[in-house]
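Please look over the sequence and the model shown here before reading the points below. They are arranged by topic, so that each can be checked against the coordinates.

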Amino acid sequence: MHEMSYISRMVNLAIDVANENKAKVVKSIEVSIGKSSGVMPYYMHKYYPDASKGTILEGAELICIEIPVTALCEECGSEYEPVKEHDYLCPRCGGRRARIIAGRDVALSNVVIED
């Protein structure tokens, strides 16, 4: 149930953004969720109403954007989305050495407010 801690963190960050911008109303918040983060958008949506209750975010829409995993091949420098069908190898050179450069994080990416 680590989604509850993530949504609580996102709510707190969004409240800070709203306060810094002297917002009267928050219309929506957008959270980017990496596919390999282990965080499931379903549970983020499930816990959001409780996490935002009694705050400026209560009633604001939660938008979860899933970010695909992107790898950087350390052999040829290509960026690619690793897939099981190709044994997660680089599709350009077949290289096995790569590092994940996107798709692991959970981040607040946007807060839509009214002043």
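Predicted model: local features only at pLDDT ≥ 70, side-chain atom pairs only at ≥ 80, totals over all residues.

**The three-stranded sheet**
- Three strands form an open sheet in the order β2-β1-β6, and their pairing is mixed.
- The edges of this sheet are β2 (61–67) and β6 (106–114), each of which pairs on one side only.
- On average, and with direction ignored, neighbouring strands of the sheet are turned by 20° against each other.
- Strand β1 (residues 25–34) runs antiparallel to β6 and is joined to it by eight bridges; within β6, V112 is the residue that stands opposite S28.

**Helices on the sheet**
- Helix α1 packs on the sheet and touches β1, β2 and β6, with its direction making about 40° with that of β6.
- Helix α2 also packs on the sheet, where it touches β1, β2 and β6, and its direction makes about 165° with that of β2.

**The contact between α1 and α2**
- The axes of α1 (residues 2–20) and α2 (residues 41–52) come within 9 Å of each other and cross at roughly 55°, which means that α1 is oblique to α2.
- The crossing in which α1 passes α2 is right-handed.
- On the α1 side the contact is made by E3, M4, Y6, I7, S8, M10 and V11, while α2 contributes Y43, M44, Y47, Y48, A51 and S52.

**Strand β3 and its partners**
- Strand β3 (residues 70–73) is covered on both faces, since T70 and L72 on one side are buried, as are A71 and C73 on the other.
- Strand β5 (residues 98–102) runs antiparallel to β3, and four bridges join the two; among the paired residues, L72 has R99 of β5 as its bridge partner.
- Strand β4 (residues 79–80) also runs antiparallel to β3, in this case with two bridges between them, and the bridge partner of A71 in β4 is Y80.
- The hairpin of β3 and β4 has five residues between its strands, and in this hairpin G77 takes a positive phi near 85°.

**Two buried residues in strands**
- T70, which is found in strand β3, has a relative accessible area of 16% and therefore counts as buried, the cut-off being under 20%.
- Residues up to four places away in sequence being left out, T70 touches E79, Y80, P82, R99, I100, I101 and A102.
- G34 lies in strand β1 and has a relative accessible area of 1%, so G34 is buried as well.
- With neighbours within four places in sequence set aside, the contacts of G34 are I67, G103, R104 and D105.
- The C-alpha atoms of G34 and V69 are separated by 6.8 Å, although these residues are 35 residues apart along the chain.

**Background on pairing**

Definitions and conventions
Residues numbered from 1 in each chain as written. Heavy atoms only, no water. Buried < 20%, exposed > 50% of the residue type's maximum accessible area, 1.4 Å probe, protein only. Pairing = 2+ DSSP bridges. Axes fitted to C-alpha atoms, helices over the stretch in contact; angles between N-to-C directions. Parallel < 35°, antiparallel > 145°, perpendicular 65-115°, else oblique. Left-handed = near helix turned anticlockwise from the far one by under 90°. Contact = heavy atoms within 4.5 Å.
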